[in-house]
Each structure stands twice: as C-alpha cells, then as structure tokens.
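The points are numbered and may be taken in order, with the structure in view.

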Amino acid sequence: MKKIAIIGGGIAGAQAAVELARKNHQIILIEKSDQIGGNIKDYGCKAVDICLKDNLCLVDEIFNEVEEFDNIEKLYQTRVNDFEGEPGSYKLGIEREGEFSSINDLDYIVIATGYTQWSDLETGTPEVDQDERIIWASELEEFFKSRRDHLDQSNKINLGFIPNSAVFIQCNGSRSIKEKAKYCSRICCGYSYRMARVLKHFFPEIEITIFFMDLQEGGYLQELSYQKLEDNDIDYINCKPIKVSSTEENINIFFEDQNKGSKENLKTDLLVLSEGIHAKEVNEKWSQLYNLQLDEYGFLYPIEDEKRTQIYLAGTIKGPKDIAGTLSDSKNVAYKIINEIETGG
Ligand SMILES: Cc1cc2nc3c(=O)[nH]c(=O)nc-3n(C[C@H](O)[C@H](O)[C@H](O)COP(=O)(O)OP(=O)(O)OC[C@H]3O[C@@H](n4cnc5c(N)ncnc54)[C@H](O)[C@@H]3O)c2cc1C
Ligand code: SF4
C-alpha cells in the first residue's frame with residue numbers, strides 16, 4: 001500500500017482518488033474549498049428532448065464514490081504551503097483553518113488544481129457589470145444548475161423573463177493576443193451550442209444567433225455537420241462583433257457582415273459571453289515548489305521524469321479540457337502510478 005496525496009478535488013482529483021483507492025492505496029485528498037466538485041459543481045445538465053452528451057451525468061457518480069471509500073481521507077479548506085523530501089518520504093506542509101501541520105512519508109503526489117474561468121479574471125468587458133441582460137456563460141450555467149437529473153423535463157429554467165432573442169459571442173478570453181491567450185479553450189463551442197438548445201427547448205419562439213470565430217470540432221460537435229447545427233434553428237455568423245451597447249429596450253450587437261460587406265446591428269434581449277479556460281495563479285507556486293515548468297500561458301507542462309519524481313499532474317492544470325478529456329487524463333495518470341507500483345517501476 002502506498003501513501004498518495006492528491007491536491008485539488010475537482011473531477012481530475014476525484015477521478016484519480018477513486019482509481020487509486022480501488023487498489024487499496026492510502027489517499028489524502030486536499031481541497032481548498034469546503035467540498036469536492038471544482039468548477040463543474042456549479043454547472044447543470046444540458047439535455048433537452050435528447051441527450052446532448054455534455055457528460056455532466058458522469059461526474060456525480062465519481063463524487064459519490066469519493067465519499068464511499070474509507071481509504072480516501074478528505075481534507076477540506078486546506079492549502080499546501082510547503083514541500084520537501086523525495087519519493088517515499090515526501091512531506092507536505094499544510095494549513096487548515098489557520099492551523100499548520102504536515103503530511104509525512106508520501107510516496108506519490110498528484111496535483112490537480114484545475115483552471116480559472118475567464119469571468120473570474122479582470123476582463124475589460126464593463127458591459128457585463130452594467131447590464132443584467134449581458135451575462136457570462138458560467139452565469140447561464142447557474143440557471144441550469146438544478147438540472148442535474150439527466151433528461152428531467154419537468155426541471156424548468158427560470159431566467160426571470162422570457163427572452164424573444166439571445167445572442168452568444170464566442171471566444172472571449174481565448175484566441176486573443178490581447179487577452180494573453182492565443183490558444184483555443186476547446187470547450188466553449190460545445191457548451192454554447194448546448195446552452196442554445198436548452199434555451200430553444202424552454203422558449204421555443206426564441207431567435208438565437210451565435211457569433212463564432214472558428215468551430216472547435218471536438219467531442220459531440222464533431223458528430224454534427226455545420227448544416228445540422230443550423231438546422232436546429234440557430235443562426236451562425238462567422239465573425240467577432242465590433243461593439244456591444246445597450247439601451248433600455250435591448251442590447252445592440254454591431255458587426256461586419258462579410259457576405260454583404262456592410263456594417264449591421266443585431267438587437268437582442270439576452271447576450272451570453274462564452275468564456276474560456278485560463279491557468280490558475282497557483283501554478284506559479286507549484287512550479288517553484290516542485291520545480292515544474294510553466295508554458296507561456298501559465299499552464300504546467302506535463303512532468304517529463306514523473307516516474308523518477310513520482311509527482312504527477314492531472315486535468316486542466318495542464319491546459320483546456322472538457323469533462324471527458326479531464327476524466328481520461330486523470331485515469332491515465334492513476335493507471336501510470338498503479339502500473340509503476342505493481343511492476344516496481
Ligand atoms: C462555463 C463553462 C462551462 C463548461 N461546461 C462544460 C460541459 O458542459 N461539459 C464539459 O465536458 N465540460 C465543460 N466545461 C469544462 C469543465 O469545467 C472542465 O473540464 C472540468 O471542470 C475540469 O476539472 P478539473 O478537476 O481539471 O479542474 P477544476 O474543476 O478547476 O477543479 C480543481 C479543484 O482544485 C481545487 N484547488 C485549486 N487550487 C487549490 C489549492 N491551492 N489547494 C487545494 N485545492 C485547490 C479547486 O477548489 C477545485 O475544487 C465547462 C467549462 C466552463 C468554463
Ligand atoms: S472552443 Fe470555440 S469558442 Fe472556445 S475558444 Fe475555441 S473556437 Fe473559440
């Protein structure tokens with residue numbers, strides 16, 4: 001039996017904990033908040049009359065399993081301050097509710113402290129604070145939060161008003177040199193499409209337009225042709241709007257229609273700004289504590305000699321991933337550790 005610390009109780013940390021606990025190792029799951037779940041605990045199922053494969057239904061099962069294993073010790077409201085030693089005698093200095101102590105004799109450490117969503121950062125999008133009809137995707141997620149039961153049709157969403165139209169603007173905080181994020185966040189095309197379908201489901205008369213720069217063809221969207229996306233009565237316009245302004249009646253989206261070569265103004269009742277996945281500030285601390293390398297955006301590079309250091313990274317700490325990608329990355333990390341233990345390296 002090995003003693004393994006997992007830092008971060010999102011789906012990456014939870015999945016690694018469950019896989020390693022199944023093999024009877026002693027797991028200490030360290031989470032800075034007062035519960036497991038990470039970002040995904042605030043999101044809701046986006047099934048409509050059919051499942052749209054957002055994979056939300058996979059995660060509750062994993063979180064329940066974490067609770068069930070006796071060999072997973074959960075330390076909530078706990079932060080790691082210090083680190084020393086080598087494999088087999090790693091020591092983590094921790095702070096829990098103002099008290100300092102240490103976890104000793106660790107064989108392995110898995111760091112899974114996840115990502116920051118774009119709306120939590122300084123964004124330079126003042127309209128969001130000034131008009132409650134302009135919201136971030138994570139705020140729209142909150143309206144879906146009670147929809148954890150797959151295909152529960154009775155579970156309505158209540159926005160507080162019935163929108164006649166909604167616009168989604170994609171790629172906020174991604175694909176932008178100005179935002180220091182030249183990369184694609186890989187998740188927002190998918191969740192925006194699903195959110196649009198949920199809005200259509202609850203407000204059948206609503207007109208929906210999605211402004212996009214590029215369509216990320218990962219996961220579920222890969223199965224849909226462009227034509228099928230539009231067949232769902234959603235207009236796709238391939239450009240980033242120039243300007244957004246609001247009046248008492250509606251929100252104005254100014255954009256350049258590349259087909260007509262003219263400047264247009266689309267009026268809407270609700271504007272949803274997609275938001276990407278950004279690196280957490282804490283990554284800098286991990287890079288100093290464990291001598292790990294940061295990429296240009298602040299994500300951590302996978303550790304090259306993880307077999308020797310017995311320190312692993314799991315999930316979105318390494319870069320944008322959806323739930324399926326995070327779960328598979330995390331399983332992969334757990335299997336590598338199990339394999340090393342069972343084969344003696
Ligand atoms: C708006 C939005 C909607 C999305 N919708 C979908 C969707 O419908 N389907 C889908 O597949 N994906 C979706 N995603 C992506 C999904 O959120 C991620 O794939 C997933 O949450 C990644 O999990 P994680 O465990 O890597 O990170 P996180 O969820 O960030 O978890 C990290 C955990 O580590 C903890 N932690 C952080 N720092 C410390 C520290 N110093 N010490 C201890 N603990 C710490 C945090 O409190 C947190 O619990 C969405 C993303 C966004 C932004
Ligand atoms: S997933 Fe789509 S919306 Fe998100 S950054 Fe990539 S292209 Fe833009």
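**Notes on the model**

1. Please bear in mind throughout that this is a predicted model. The protein is divided into domain 1, made of residues 3-114 and 280-343, and domain 2, residues 118-276. Between the C-alpha centres of domain 1 and domain 2 there is a distance of 31 Å.

2. The contact between the domains deserves a look. Domain 1 contributes 19 residues to it and domain 2 contributes 27. On the side of domain 1 that touches domain 2, the residues comprise 10 nonpolar, 1 polar and 8 charged.

3. Ligand 1 has 41 residues around it, and those that come nearest are G8, G10, G38, G114 and G315. Domain 1 and domain 2 each give at least three residues to the shell around ligand 1. Several elements supply at least two residues of this shell each: the helices α1 (11-22), α4 (137-144) and α10 (323-343), and the strands β4 (78-84) and β8 (115-117). By class, the shell around ligand 1 holds 17 nonpolar, 15 polar and 9 charged residues.

4. Ligand 2 is surrounded by 15 residues. The shell around ligand 2 consists of 6 nonpolar, 6 polar and 3 charged residues.

5. Two helices that contribute to the shell around ligand 1, α1 and α10, also pack against each other, at an angle of about 35° and with 8 Å between their axes. Their crossing is right-handed. From α1, the residues I11, A12, Q15, A16, E19 and L20 take part. They meet a set of residues in α10 that includes I323, L327, V333, A334, I337 and I338. The contact of α1 with α10 is made up of 10 nonpolar, 3 polar and 3 charged residues.

6. Strand β4, another contributor to the shell around ligand 1, pairs with β5 (residues 90-96) in the antiparallel sense over 6 bridges. Within this pairing, T78 stands opposite R96 of β5. The hairpin of β4 and β5 has 5 residues between the strands, and G85 there takes a positive phi near 105°.

7. Parallel pairing is found as well. Strand β10 (residues 165-169) is joined to β11 (residues 207-211) in the parallel sense by 5 bridges, with V167 opposite T209 in β11. On β11, a further parallel pairing, over 4 bridges, is made with β12 (residues 234-237). The bridge partner of I210 in β12 is Y236.

8. What is the order of the strands in the open sheet that has antiparallel pairing? The sheet has 3 strands, arranged as β13-β14-β15. Strands β13 (243-246) and β15 (262-268) stand at the edges; each has a single partner strand, and therefore one side of each is left without a neighbour in the sheet. Neighbouring strands of this sheet are turned against each other by 25° on average, direction ignored.

9. S246 has I251 of β14 as its bridge partner.

Notes:
Residues are numbered from 1 along each chain as its sequence is written. Chains are lettered from A and ligands numbered from 1 in the order in which they are written. This is a predicted model: local features need pLDDT of at least 70, side-chain atom pairs count only at pLDDT 80 or more; totals for chains, interfaces and linings use all residues. Two strands pair if DSSP finds at least two bridges between them. Axes are lines fitted to C-alpha atoms, for helices over the stretch in contact, and angles run from 0 to 180 degrees between N-to-C directions. A residue is near a molecule or strand if its C-beta atom, placed from the backbone, lies within 6 Å of it. Ala, Val, Leu, Ile, Met, Phe, Trp, Tyr, Cys and Pro count as nonpolar, Asp, Glu, Lys and Arg as charged, and the others, Gly among them, as polar. Domain bounds come from an automatic or database domain assignment. Two residues are in contact if their C-beta atoms, placed from the backbone, lie within 7 Å. A crossing is left-handed if the near helix is turned anticlockwise from the far one by less than a right angle, and right-handed if clockwise.
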